[in-house]
Amino acid sequence: MAERLRLMTVHAHPDDESSKGAASTARYAAEGNDVMVVTCTGGEAGSILNPAMDRPGVVEKMPEIRREEMARAAEILGVQHRWMGFVDSGLPEGDPPPPLPEGCFARQPLEVPTAELVRLVREFRPHVVVTYDETGGYPHPDHVKCHEVSMEAFDASGDPERFPEQGQPWQPLKLYYCHGFSRRRMELFHDSLLERGLESPYEEWLRKWDGSRPDPYERVTTQIECADYFEVRDEALRAHETQIDPNSRWFAVPLDIQRSVWPTEDYELVRSLVDTTLPEDDLFAGVQERVHA
């Protein structure tokens, strides 16, 4: 039998896997590929962002609740899941911002979480790895650290001289950044909502967009058609009840508009050990030919 293709996505907190590339992972899993989500932290520092969950006892049980939410989301997406086990660093606020807590994920020496991710890569043996770009997608210290660890582990996993105690070497073949919040995408959704006489949640974002800031869409090399899995994505996102208000702007654009205006999720190919032609419409482009040769 042909070897099953394997995809690993690496995220900072529980719920990131459902807000970034979730329809793609659900599609690849449904098509019979092995998909694993790795979560770097437990999300312990997350605030209650859904008013319906702002009730006694929730904050005190936040670590346990977020693990339960993550388990439900993984089941909905049809993916395997692993925790890396590091502590959420929180998002420091203030001018200047306070120091990050001792022992948190973002303050770990790079080799410590890298060793753990190398172990998971060598155990699962993904052909493709997806993570965040150098900005983390937004300036949360755990997202930036997730990028750094993913990049280091992609190279280290195939090197028999690095982390030899973490299993037999395995070299993934492709590495992608996931891009979601592009100006172009927001503009199209904004215009479509207004054309229907609906309120747009993007007006303020677009008004405040820094014109000197490049649009992440300009970096996209790979668009995955996954509109049939947008409902699955939203169901997985709602599973993170403490973090996601079902009445929030996450769900402001009707699915029929999303499917007609932007039916893909978008990625940037940054490392490839196989031949592929850009632009792509498949994260496994070039991989299947190598694996099944």
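Helices here are DSSP runs of H or I with at least four residues, numbered from the N terminus. By that rule, Trp-205 sits in helix α7, which covers residues 203-208. Please keep in mind that this is a predicted model.

**Trp-205 and the nonpolar patch**
- Trp-205 has a relative accessibility of 31%, so Trp-205 counts as partly exposed.
- Together with Phe-181 and Trp-250, Trp-205 makes a nonpolar surface patch of about 280 Å².

- Arg-122 belongs to helix α4, which runs over residues 111-124.
- A polar atom of the Arg-122 side chain does lie 2.6 Å from the backbone oxygen of Phe-163.
- Setting aside neighbours within four places in sequence, Arg-122 is in contact with a set of residues including Ala-156, Ser-157, Asp-159, Phe-163, Pro-164 and Trp-170.

**Thr-222, in a strand**
- Thr-222 is part of strand β6, made up of residues 222-225.
- Is Thr-222 buried or exposed? Its relative accessibility is 0%, so Thr-222 counts as buried.
- The side chains of Thr-222 and Thr-221 are joined by a polar contact of 2.9 Å.

Methods: Residues numbered from 1 in each chain as written. Predicted model: local features only at pLDDT ≥ 70, side-chain atom pairs only at ≥ 80, totals over all residues. Heavy atoms only, no water. Helix = DSSP H or I, 4+ residues; strand = E, 2+ residues; numbered from the N terminus. Polar contact = N/O pair within 3.5 Å; in protein donor to acceptor, adjacent residues only side chain to side chain. Contact = heavy atoms within 4.5 Å. Patch = residues over 30% accessible without salt bridge, like charges linked within 9 Å, V, L, I, M, F, W, Y side chains within 5 Å. Areas by Shrake-Rupley, 256 points an atom, 1.4 Å probe, with all protein chains shown as cover. Salt bridge = Lys/Arg side-chain N within 4 Å of Asp/Glu carboxyl O. Buried < 20%, exposed > 50% of the residue type's maximum accessible area, 1.4 Å probe, protein only.
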